[in-house]
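Please look at the sequence and the structure first, then read the points below.

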Amino acid sequence: MSQRVSDEVVAKAMGEIRSGSSSLRHGDHTLPHIHKVGAPPKQTLFQEIKHSVTETFFSDNPLRKFKDQTGSRKFVLGLQSIFPILDWGRSYDLKKFRGDLISGLTIASLCIPQDIAYAKLANLDPQYGLYTSFVAPLVYAFMGSSRDIAIGPVAVVSLLLGTTLGDEISNYKSPDYLRLAFTATFFAGITQMALGVFRLGFLIDFLSHAAIVGFMAGAAVTIALQQLKGLLGIQNFTKKTDIVSVMRSVWGSVHHGWNWETIVIGVSFLVFLLITKYIAKKNKKFFWVAAIAPMISVIVSTFCVFITRADKKGVSIVRHIKKGVNPSSASEIFFSGKYLGPGVRIGVIAGMIALTEAVAIGRTFAAMKDYSLDGNQEMVAMGTMNIIGSLTSCYVATGSFSRSAVNYMAGCKTAVSNIIMSIVVLLTLLLITPLFKYTPNAVLASIIIAAVMNLVNIEAMVLLWKIDKFDFVACMGAFFGVIFKSVEIGLLIAVAISFAKILLQVTRPRTAALGKLPGTSVYRNIQQYPKATQIPGMLIIRVDSAIYFSNSNYIKDRILRWLTDEDAQRTESGLTRIQYLTVEMSPVTDIDTSGIHAFEDLYKSLQKREVKLVLANPGPIVMEKLHASKLADLIGEDKIFLSVADAVATFSTPKGEV
């Protein structure tokens with residue numbers, strides 16, 4: 001006791017008033033120094049709505065740069081917001097151009113064979129892949145905010161379009177199939193632009209990282225299986241994408257449908273591509289080896305087929321790529337009729353998947369180079385790019401991870417590398433497309449297989465298993481949904497499991513019993529810190545979530561269950577029965593009317609058990625609602641504390657700790 005009094009004297013001499021310090025325990029004549037919990041200024045309904053809208057849609061404060069600017073300056077800043085190239089282009093110099101030129105030429109050598117292959121994956125003629133890599137990168141270079149992302153067709157979106165469009169129109173040569181592809185591209189762009197303009201980019205975050213990992217891996221396996229047709233020279237191949245149908249089609253034609261010349265070509269160049277990828281992975285300086293390998297494969301295989309006329313021995317070849325620049329397709333889009341609905345549906349799905357992939361890629365490289373990426377600007381750029389693309393014979397384009405990685409390693413400085421790539425593709429369309437006539441489809445298949453192997457991220461899956469088993473289940477659900485059913489079903493499973501996880505976390509939040517760490521006034525989870533000691537006569541429970549209608553009854557019941565179990569244990573051990581239940585509310589960011597009613601019911605239940613309810617550290621929003629609902633008066637202002645230490649100092653018994 002003398003030590004406690006001397007501590008008081010020292011504290012008073014220093015002029016300190018510490019939160020949680022106490023001169024005497026409850027029952028003594030001297031009151032402890034305890035700060036009251038402050039209530040925030042009351043806000044009007046308009047202020048609350050304004051704050052919520054601002055934090056939801058304008059958390060990055062996009063208008064801050066327009067503040068206190070002249071009219072002409074605001075106009076310039078507005079143009080720079082729409083076209084970022086007008087901003088960074090002012091400091092562009094020859095040194096940056098040198099880096100962009102090298103990286104642009106490098107990714108062009110990679111994209112041309114990939115474009116031809118991905119177009120076939122979407123069941124479109126090869127030139128449409130080249131059309132897409134000409135127009136889309138040009139538009140993005142002017143409107144995008146990423147310096148590193150390389151734009152063009154990608155395997156996952158191409159497969160998605162190929163399967164979903166094929167479900168509507170089975171005849172790939174039908175003019176309506178091509179028109180539906182342009183329609184889906186148009187509405188993919190509309191979806192992406194709408195998300196950016198209305199600042200709804202947070203919606204794509206509902207697709208969890210785990211679900212994306214599983215979906216991408218499943219899509220990669222499905223894409224690779226689809227390439228067995230070209231790799232093995234099979235003529236009659238299933239149009240279904242599930243693994244059972246594909247393997248049945250492959251093994252069903254093993255005796256009469258496989259072409260050994262095609263297999264030799266395909267496997268040889270697949271091995272070559274994998275070796276170059278291995279070399280590039282082992283030594284980053286040789287990234288260019290893997291980058292130019294697809295183009296070398298196309299040139300060499302085309303030359304070999306031409307001089308041996310292997311096409312007359314059953315080797316399937318590209319045959320014809322239409323020469324010339326993109327024709328207009330504005331009149332081809334369905335704005336009415338029976339294909340409008342499917343076009344909108346496919347476009348929304350493809351647009352969301354393309355956007356998710358592009359934003360993930362953009363954020364990855366922006367973090368590596370430490371610059372900010374404007375998510376909403378990216379959505380507007382992607383949307384504009386695909387809308388214009390749909391009017392110029394392109395299909396859905398987005399950021400390609402393989403090309404973006406090559407772009408980054410080649411030393412790109414700005415989006416000008418996309419412009420360089422686009423110019424090379426244009427020259428290809430104007431001058432050399434006839435040279436691809438004898439390119440074997442087996443090589444295109446091997447290029448796709450080598451490209452999509454990076455999408456199967458085993459390390460990420462293992463990490464998911466170690467960190468969060470539920471995330472791993474989400475990953476596997478998306479993976480098996482894609483390979484055993486379809487891309488759409490896999491995507492649906494991915495979204496469903498992501499939402500299920502959110503609902504589970506919201507409806508069943510964690511609660512923890514707290515104890516005091518020896519020698520401190522800090523209270524922590526007794527399971528995490530076994531040496532933390534509980535307070536006699538008091539149970540301290542922390543609620544680790546906002547309290548809403550979805551979880552309020554669960555939280556009330558869980559707290560009562562804690563109380564019942566803990567009281568029984570202490571009674572059996574001959575310890576003081578629980579007289580005070582302290583709820584630590586620092587993690588409780590908000591509470592609604594259902595939560596208020598749940599606490600009223602909890603208060604009444606505790607009264608029947610002769611246990612007093614104590615609250616510790618409620619936040620400003622919670623405190624405001626406690627006062628507005630009169631719950632603070634019901635509990636008592638003297639039972640609401642700034643910290644757990646204050647509550648313990650006031651109400652705990654002086655007999656020591658459990």
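**Briefing on the chain**

Six strands make up an open sheet with mixed pairing, in the order β4-β3-β5-β6-β7-β8. The edge strands are β4 and β8 (640-641), each of which pairs on one side only. Strands pair if DSSP finds at least two bridges between them. Helices (H or I, at least four residues) and strands (E, at least two) are DSSP runs, numbered from the N terminus.

This is a predicted model, in which local features need pLDDT of at least 70 and side-chain atom pairs count only at pLDDT 80 or more, while totals for chains, interfaces and linings use all residues. Residues are numbered from 1 along each chain as its sequence is written, and side-chain values use heavy atoms, with hydrogens and water left out.

**The chain as a whole**

- The chain has 26 helices and eight strands.
- Its C-alpha atoms fill a box of roughly 105 × 70 × 55 Å, taken along the principal axes.
- Of its 658 residues, 51% count as buried; buried means under 20% relative accessible area, exposed over 50%, and partly exposed in between (1.4 Å probe, protein chains only).
- Among contacts in the chain with a separation of 6 or more, 79% come from residues 24 or more positions apart; a contact means heavy atoms within 4.5 Å.

- Helix α23 lies across β6 and β7 (612-616), running at about 140° to β7.

- Six of the six residues of strand β3 (residues 511-516) are buried, so β3 is largely enclosed by the rest of the structure.
- Both faces of β3 are covered, with T511, A513 and G515 buried on one side and A512, L514 and K516 buried on the other.
- β3 pairs with strand β5 (residues 538-543) in the antiparallel sense over three bridges, and T511 stands opposite V543 in β5.
- β3 also pairs with strand β4 (residues 523-525) in the antiparallel sense, over three bridges.
- The bridge partner of G515 in β4 is R524, and that of L514 is N525.
- β3 and β4 form a hairpin with six residues between them.
- In the turn of this hairpin, G519 has a positive phi of about 80°.

**Helix α6 and its two neighbours**

- Helix α5 (residues 94-121) and helix α6 (residues 126-143) pack at an angle of about 130°, and their axes are 7 Å apart.
- α5 and α6 are therefore oblique to each other; angles under 35 degrees count as roughly parallel, over 145 as roughly antiparallel, 65 to 115 as roughly perpendicular and the rest as oblique.
- The crossing of α5 and α6 is right-handed; a crossing is right-handed if the near helix is turned clockwise from the far one by less than a right angle, and left-handed if anticlockwise.
- C111, I112, D115, I116 and A119 of α5 make the contact with P126, G129, L130 and S133 of α6.
- That contact has six nonpolar, two polar and one charged residues; Ala, Val, Leu, Ile, Met, Phe, Trp, Tyr, Cys and Pro count as nonpolar, Asp, Glu, Lys and Arg as charged, and the others, Gly among them, as polar.
- α6 also packs with helix α15 (residues 375-390), at an angle of about 150° and with the axes 9 Å apart.
- That makes α6 roughly antiparallel to α15, and α6 passes α15 in a right-handed crossing.
- In this contact, V135, A136, V139, Y140 and M143 of α6 meet residues of α15 including Q377, V380, M382 and I388.
- By class, the contact of α6 with α15 has ten nonpolar, three polar and one charged residues.

**Two buried residues**

- Q192 lies in helix α8 (residues 175-197) and, at 0% relative accessibility, counts as buried.
- Leaving aside neighbours within four places in sequence, Q192 is in contact with G351, A354, L355, M379, V380, M382, G383 and N386.
- V588 lies in the loop between β6 (580-584) and α23 (593-608), and counts as buried at 2% relative accessibility.
- Leaving aside neighbours within four places in sequence, V588 is in contact with V543, S545, A546, I547 and V622.
- V588 and L503 are 85 residues apart in sequence and 17 Å apart in space, C-alpha to C-alpha.

Key. Axes are lines fitted to C-alpha atoms, for helices over the stretch in contact, and angles run from 0 to 180 degrees between N-to-C directions.
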